[in-house]
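Hi,

Here is the structure I said I would pass on.

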Amino acid sequence: MSTTEPDALLGPADIRELAAALGVRPTKQRGQNFVIDANTVRRIVRTADVRPDDVVVEVGPGLGSLTLALLEAADRVVAVEIDDVLAGALPATVTARMPERADRFTLVHSDAMQVRELPGPPPTALVANLPYNVAVPVLLTMLDRFPTIERTLVMVQAEVADRLAARPGNKVYGVPSVKANWYTDVKRAGSIGRKVFWPAPNVDSGLVSLVRRAEPVATTATKAEVFAVVDAAFAQRRKTLRAALSGWAGSAPAAEAALVAAGISPQARGEALTVEEFAAIAENKPAGDEPAENRPAGDLPAADEPAGSAE
């Protein structure tokens, strides 16, 4: 780990001065709430288990609070920023505050949902303060496109954190929970209060840890096929799976046959199933229907889907 001056990280006054100089006013449209507390970003880096040999990708670095803390601990940091002004300013902030690490920082000016490759060595970790309105689709997209990411820690709206980390049987268990579990082992990793942000949000935030599965879900079904079942099951989550999956299977009797073949009660509901059980259903889809990958299966949430509303 490198040694840096105690004031290398950004404090409340630094954040406001930078924002004023850039003419930046945090926007609700992009869910911008900047972290203004150095202790909080160092806590995030510790919780993320960032290591000296890590290549960390950060989504939505903003003014650079977390970026600088990541540079203290990681080998390299690649930050993906969509905002024109913030993207233009961040490299200068890094150079000014942490000149000895500036050559280990790379800025990618792009929408994270559109990024399909990153410069430099493959990323090993993802650490980010994700805007609530795009948190789930951005997270799932990054996990899918960059399989070398072993460890992820995201700070998201508390409600979204609860959904991502929920277990089967929990009332908030749903599409984000199952799809995140396809890639990773997920757990809640702490809470973050409102006062460490500027402007202070109206909700609390939570940390979610996601560690890449040592072995993929054991199934002969494709990811698209499994996710099609998940989407169908939770589109009508109050219905039994026999009813909810009737459209997916072609009819209610066909759905029942697939469920029975998978060893799952047709009267069960989606919120009771693990990702492995969804995969078993996908494996037993009746033959003769259109392949799941050829229809809009909701493989990933749409870029503009509010993460908190994903069932």
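A definition to begin with: rings of Phe, Tyr and Trp (its six-membered ring) pair if their centres lie within 6.5 Å, and planes under 30 degrees apart count as stacked, over 60 as edge-to-face and the rest as tilted. With that in hand, Y173, F234 and F278 form one aromatic cluster.

Some housekeeping before the rest. This is a predicted model, where local features need pLDDT of at least 70 and side-chain atom pairs count only at pLDDT 80 or more, while totals for chains, interfaces and linings use all residues. Residues are numbered from 1 along each chain as its sequence is written, and side-chain values use heavy atoms, with hydrogens and water left out.

Back to the rings. The structure holds 5 aromatic pairs. One of them is edge-to-face because the rings of Y183 and F227 sit with centres 6.4 Å apart and planes at 80°. Y183 belongs to helix α7 and F227 to helix α8 (residues 223–235), so this pair ties together parts that are 44 residues apart in sequence. (Helices here are DSSP runs of H or I with at least four residues, strands are runs of E with at least two, and both are numbered from the N terminus.) Y183 and F227 are both buried, where buried means under 20% relative accessible area, exposed over 50%, and partly exposed in between, with a 1.4 Å probe and protein chains only.

F234 and F278 make a tilted aromatic pair, at 5.9 Å centre to centre and 45° between the planes. This pair also links distant parts of the chain, with F234 in helix α8 and F278 in helix α12 (residues 275–283), 44 residues apart. F234 counts as buried because its relative accessibility is 3%, and F278 is buried too, with a relative accessible area of 0%.

Staying in α12, I281 lies in that helix and counts as buried at 0% relative accessibility. Leaving out residues up to four places away in sequence, I281 touches V229, L245, W248, L259, A262, I264 and L273, where contact means heavy atoms within 4.5 Å. I281 and L259 are 22 residues apart in sequence, and their C-alpha atoms are 5.9 Å apart in space.

Now the helix packing. How do α5 and α7 pack? Helix α5 (residues 135–145) and helix α7 (residues 175–183) meet at an angle of about 20°, with their axes 10 Å apart. That makes α5 roughly parallel to α7; angles under 35 degrees count as roughly parallel, over 145 as roughly antiparallel, 65 to 115 as roughly perpendicular and the rest as oblique. The axes are lines fitted to C-alpha atoms, for helices over the stretch in contact, and the angles run from 0 to 180 degrees between N-to-C directions. On the α5 side, V136, L140, L143 and D144 meet P176, K179, A180 and Y183 in α7. α5 is mostly covered, with 9 of its 11 residues buried; among them are V136, L140 and L143.

Two last spots. T240 sits in the loop between α8 and α9 (241–244) and counts as buried at 17% relative accessibility. Not counting residues up to four places away in sequence, T240 touches P266, Q267, A268 and R269. G11 lies in the segment before α1 (12–22) and counts as buried at 15% relative accessibility.

Cheers
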